[in-house]
Amino acid sequence: MADVNKIKKALKKELDKERFEHTLGVMYTAQCLAMAHGVDLEQAQLAGLLHDCAKCISNAQKLTLCQENGIPVNSCEKENPSLLHAKLGAFVARNEYDITDEAVLHAIAVHTTGEPDMSDLDKIIFIADYIEPLRNKAEHLTEIRRTAFHHLNEALCMILRDTIAYLGKNKNADSIDPMTRETYEFYVGGTLDE
């Protein structure tokens, strides 16, 4: 079993204050969702705690570390290297925090874009990152929070719809990561071009 208190102390030094507070919020929210949906509490705690462990690494360093360690980078991630914190976070969790649980590492790796056919743990970390108590800007947040404790897939679809709508409105639609597109199409149905 991982030493959660030791990981918290290390993360407090690595992350800025706001990111650390967000991390604790995701960890607690993930544990609550795990209790509601019968998912392993320890896995939810670890994945929630470490989901952003690579977030405060500079974008240039994220790209370099991915290149040096054989972590694939798509064209969207090259344009938006901040997206790499999820994949790189799984690598950091394994190599710096000694996490060997593949389910935990996978949940960290997919928490930003999602992916088709996610496990319940994957969904919980994806959702907890979006709904944790310090989040307050997303549209439909109250409804998504309420739904998440009863229906993971429904909450996931709501988040995906809102994320796609936000990215389509506020950024170039081409900047939507291909995996986010695939996740949307898998869970929500239809293609984004409709």
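The model is predicted: local features need pLDDT of at least 70, side-chain atom pairs count only at pLDDT 80 or more, and totals for chains, interfaces and linings use all residues. Residues are numbered from 1 along each chain as its sequence is written, and side-chain values use heavy atoms, with hydrogens and water left out.

**Terms**

- Helices are DSSP runs of H or I with at least four residues, numbered from the N terminus.
- Buried means under 20% relative accessible area, exposed means over 50%, and partly exposed lies in between (1.4 Å probe, protein chains only).
- Contact, or touching, means heavy atoms within 4.5 Å.

**Nonpolar core**

- The largest nonpolar core has 58 residues, and Leu11, Leu50, Ile99 and Ile127 touch the most other members.
- Helix H10 (residues 152-170) gives the most to this core, with nine residues.
- Such a core is a set of buried Ala, Val, Leu, Ile, Met, Phe, Trp, Tyr and Cys residues joined through side-chain atoms within 4.5 Å.
- In soluble globular proteins, nonpolar side chains tend to be buried together.
- Leucine 50 touches Ile7, Leu11, Ala93, Tyr97, Ile99 and Ile108, not counting residues up to four places away in sequence.
- Leucine 156 lies in helix H10.
- Its relative accessibility is 0%, so leucine 156 counts as buried.
- Beyond its neighbours within four places in sequence, leucine 156 contacts Met118, Lys123, Phe126, Ile127 and Tyr187.

**Helix pair H8 and H9**

- The axes of H8 (residues 120-131) and H9 come within 10 Å and cross at roughly 145°.
- The crossing of H8 past H9 is left-handed.
- H8 supplies Ile127, Tyr130 and Ile131 to the contact, while H9 supplies Leu141, Ile144, Arg145 and Ala148.
- By class, the contact residues are six nonpolar, no polar and one charged.
- Axes are lines fitted to C-alpha atoms, for helices over the stretch in contact, with angles from 0 to 180 degrees between N-to-C directions.
- Left-handed means that the near helix is turned anticlockwise from the far one by less than a right angle; clockwise is right-handed.
- Nonpolar covers Ala, Val, Leu, Ile, Met, Phe, Trp, Tyr, Cys and Pro; charged covers Asp, Glu, Lys and Arg; the others, Gly among them, are polar.

**Buried polar and charged side chains**

- Threonine 147 sits in helix H9 (residues 141-148).
- Threonine 147 counts as buried because its relative accessibility is 10%.
- A polar atom of the threonine 147 side chain lies 2.8 Å from the backbone oxygen of glutamate 143.
- Threonine 147 contacts Glu154, Ala155 and Met158, leaving aside its neighbours within four places in sequence.
- Histidine 22 belongs to helix H2 (residues 17-37).
- With 5% relative accessibility, histidine 22 counts as buried.
- The histidine 22 side chain makes a polar contact with the side chain of aspartate 52 (3.5 Å).
- A polar contact is a pair of N or O atoms within 3.5 Å; within protein, one must be able to donate a hydrogen and the other to accept it, and residues adjacent in sequence count only if both atoms are side-chain atoms.
- Not counting residues up to four places away in sequence, histidine 22 touches His51, Asp52, Asp129, Glu132, Leu134 and Arg135.
- Histidine 22 and glutamate 132 are 110 residues apart in sequence, yet 7.4 Å apart C-alpha to C-alpha.
- Lysine 62 is in helix H4 (residues 59-68).
- Lysine 62 counts as buried at 2% relative accessibility.

**Exposed loop positions**

- Aspartate 98 has a positive phi of about 60° although it is not a glycine.
- Aspartate 98 lies in the loop between helix H6 (85-96) and helix H7 (102-109).
- Aspartate 98 is exposed, at 62% relative accessible area.
- Aspartate 117, also not a glycine, has a positive phi of about 55°.
- The loop between H7 and H8 holds aspartate 117.
- Aspartate 117 is exposed, at 60% relative accessible area.

Conventions:
Helices (H or I, at least four residues) and strands (E, at least two) are DSSP runs, numbered from the N terminus.
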